[in-house]
Amino acid sequence: MGEQERVRAKRVDEWLAASGAVLAATERVARSVAAAFHGARRAEGHAAWATPAIFTWESWVRERWLERNHSGMMLLNPLQEQALWSRVIRNSRIGRDLHHYDKLAAAAQQAYRLLCSHSPNALTQAARLGWTGDSVAFSEWLAEFEARCGHEGLKSAGRVGLQLADWLRAETGQLQSNDLKADRTPLLLIGFDRITETQEKILHAWGPWKQDDAEMIPNARQFFAARDAAEELKACVAWLRGKIAVNPEARLMVVTTELQKRRGELERALMVAPAAGEPALDFEFSLGVRLDQVGVARGAILILRWLSERLAEPEVDWLLSSGFCSNSPEEELEVAEAMRTVRRRGQERPEWALEDFVSPVRREFAPPAGWVARMTAARDALEREPKRQSPLDWVLLAANLLEIAGWPGFRPLGSVAFQARQRWESVLENCGSLGFDGSQMEWGEFVSTVSTAASGTIFAAESRDAAIQITEPLESAGQLADGLWFLGVDEENWPGRGQPHPLLPIGLQRDAGMPHSSPLADWKLMQEATIRLLASADEVVFSYALQSDEAEARPSRLAAQYLGAATDVPAELMATGAAALKIPLTEVFEDASRIRFPHQVIGGGSGTLTSQSLCPFQAFATARLGAEDWQAAEAGLNAKQRGQLLHSVLHRVWGGQQVGGLSSFNDLNGVADLKEFVRRIVHVVMAESFDSSRRGSLPDRFPARLLELEAQRLTELVSEWLEYERTRLPFRVAGTEVRSNVRIAGLELTLRLDRIDTLEDGSLLVIDYKSGNVGPGAWAGDRPEDVQLPLYASIAMDAKDEPLEGLVFASVRPGEMAFSGRVRNATTSLHAGLSGQSSLVKKPLTEQQLEEWRTIIERLGNAFFSGKAEVDPKDGARTCDKCHLHAVCRVYENQPLDFVAAKVGNEADGDGGGDA
Ligand code: SF4
């Protein structure tokens, strides 16, 4: 225990010993004060002692009010109060034309609380007469809300404090001085940055009270300026490690603004593996997460929603693989496998009704029978219920439906999940209380209310009393530690800026000193918090990063006011910090062993070697571990499906007379009405592709009008392409979608080439259709980005009699029809009129080039075959940004922060062709 905490514990002990009570601003402060009290009793050798009078402010006020609530008024819980606001707004003159009642109701509820706590005088109708703008509407709602509460004997939590103050004042007049002394325990307030007007009224009406004044014990204070956020964090982690090394019992605090946003970054830095012999850092966050983001609650919400509405495909994916509706590991795998089958068959869809998943029209995927039976039973049980019921009836049913569906699954819940389940059940129970006014609702409204309630509930697992507490500046009020580090103390962040409340007049907010009512009000509040933070530990460090979001940052003026100019981060923190962060999350060891690829045939065609070139781990994960990527289903056709259609149309166009297509340049020039010819082919391809009786056809969920538009687009695109091909030198099409087996490094792989043409001199031109932006630059260098055509040209062509003239990408893009690639003599084989500046002419295909490709590709094949699987992206973040394996290779967790920051967006290629 640090000096600050020891001195406070002594003050608290004395206060409690003199029959006083302690009121803490938050639950966390109450816990820490109580923990210090119990620790002191244990240290004194006691085995048992009386429970100390330590309460949170809120619970103390509620209890005092309940003791005096002789007329039996009903105290509204937050959900009930919001529902009442929502009804008031919906039935109001202005509210009838408004939407988003829930959000408005939450805003009105918050405005009402602010008035009750900061400006109770404005609760009278007369005081609101001069209000203008949106405040007028709020004033009307407020009057109606209070009238309803009055008629129905309801009490808002905001009003409780005011009423308690009135009751206490009235009692004071009636009680004799001695009775009063016995009844009114002296109060010690801890952790209050600010006392509101209503709190003051209550305290004055109560009698003896005081705020805990921290003694100004001299402590060590420093202010550092780091180069950037990464360096700042490294130094902080190094400092924490240093403190724990010196005193393993040390209690430390890390404070930062925007904690939710920085949570992941902090977690990663604190979880860095310690050096040999050092303990791992034991830390916890003071702020919780939204309950609807906690697995067990999210699973429950998704199940309840799916029984009556469609879920988005990622939600279904999550639910099925979470295990929250499976009764065994085998069932969990089977149900996830059903979803994989959906993707493999191209049956993905943006949204899934439960019905479509449990009884698909075509039995192309089959979820396990037991799972189907449970989900169907739950849905049927819901359908048997009356349409409208009281919320309490729905709560009972929801619990029953979840049980039928198998929630929360077969896995035993750990301590945190168990607490989350309890929190979920209490939220559900609270929703049942919404029938307090006899109202009924439909199931959809009930489920949406439960989801909103869960998203508005912050779940924090019970504190483990970890050595390092991570918290926000205002949240930290009343907490003490041996050492405190406040991160990000720059001008932008501290003091932070907030917005005044939109439903209350700004003048009133300013006069009442409401939070964020003016920059001055924020400044004053943050100034008080700064002074408090500076006195909260024996050693206090404030820091900021000179470089933030690519702009230069300046130190917070508030910090500079108390700490002077910031100095550089001391070398010892940087040395230790840098050394610490060089240790990646995973333990590093040189693994010289490699497991050779055990098969003779590589799946994935040349794509595997392309992956090996882009990043060896990518090839390993996709070709050997089967870590497939799934394209998200879209309302229309996605890029891949459109690419597939384009390839199918061109395949048929050049498929010869037996399929109504063409075979040569002469055939092409013989077509009188090119557009009509293409339209016919597109029609056939569309009919085949969307024929639900055909295996492997595209999903049949697209509206007819969308398909019509797609057919028009394809007709225009392919007609334009064929017009372009009419400008070529003569050729015959030797084949389309040509399969070719290639042996490399002892392995066999199958290529599928879009098209091969025979030119007039008998040589071959290999063509790869591309609807995206790609050129022969993809074949360049030691690590090419696409190896398919170079692989075919340098290895497969060795076994052919015909010479190779060239390999080209056919760019089939509106207004940009062109060939690009490497051709031996493009002016005699492709286009006679090509200028000398064309890259097709300037960079011809040469024997040397073929030899280089052969060497590179053999090296890649050998590397894959021998098991080379390093995480080594070719172009760092640019390569990773197009890869789906971040979660498997954990590259972002192991790389410096600037690697993550350098992530760049890349457009999908949109090419549907490729290898078999
Ligand atoms: S995300 Fe990057 S490092 Fe990871 S496998 Fe993909 S390319 Fe390699």
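Student: Which residues does Phe 597 touch, not counting residues up to four places away in sequence?

Tutor: Contact means heavy atoms within 4.5 Å. By that rule, Phe 597 touches Ile 602, Arg 624, Leu 747, Phe 864 and Phe 865, with residues up to four places away in sequence left out. A word on the source: this is a predicted model, where local features need pLDDT of at least 70, side-chain atom pairs count only at pLDDT 80 or more, and totals for chains, interfaces and linings use all residues. Residues are numbered from 1 along each chain as its sequence is written, and side-chain values use heavy atoms, with hydrogens and water left out.

Student: Where is Phe 597 found? Is Phe 597 buried or exposed?

Tutor: Helices (H or I, at least four residues) and strands (E, at least two) are DSSP runs, numbered from the N terminus. Phe 597 is in the loop between helix H23 (571-582) and strand E21 (601-602). Buried means under 20% relative accessible area, exposed over 50%, and partly exposed in between (1.4 Å probe, protein chains only). Phe 597 has 7% relative accessibility, so it counts as buried.

Student: In which order do the four strands of the open sheet lie?

Tutor: Two strands pair if DSSP finds at least two bridges between them. Here the order is E2-E1-E5-E6, with parallel pairing. Strand E2 (54-56) and strand E6 (209-211) are the edges, each pairing on one side only. Strand E1 (residues 21-24) and strand E5 (residues 187-190) share four bridges. Val 22 stands opposite Leu 188 in E5.

Student: What does helix H2 touch on the sheet?

Tutor: Helix H2 (residues 27-43) packs on the sheet and touches E1, E2 and E5. For angles, axes are lines fitted to C-alpha atoms, for helices over the stretch in contact, and values run from 0 to 180 degrees between N-to-C directions. The direction of H2 makes about 170 degrees with that of E2.

Student: How many disulfides are there?

Tutor: A disulfide is a pair of cysteine sulfur atoms within 2.5 Å. The count comes to zero. For Cys 431, the nearest cysteine sulfur, that of Cys 149, is 19 Å away. Cys 431 is buried, at 1% relative accessible area.

Student: Which residues line the largest cavity?

Tutor: On a 1 Å grid over the protein atoms alone, a cavity is a set of points where a 1.4 Å probe fits but cannot get out; lining residues have an atom within 4 Å of a point. The lining of the largest cavity includes Cys 615, Phe 617, Cys 880 and His 886. Cys 880 is buried, with a relative accessible area of 7%. Helix H25 (616-624), helix H34 (877-881) and helix H35 (886-889) each supply at least two lining residues.

How values were computed. On a 1 Å grid over the protein atoms alone, a cavity is a set of points where a 1.4 Å probe fits but cannot get out, and a pocket is an open set with protein on both sides within 12 Å along at least five of seven lines; lining residues have an atom within 4 Å of a point.
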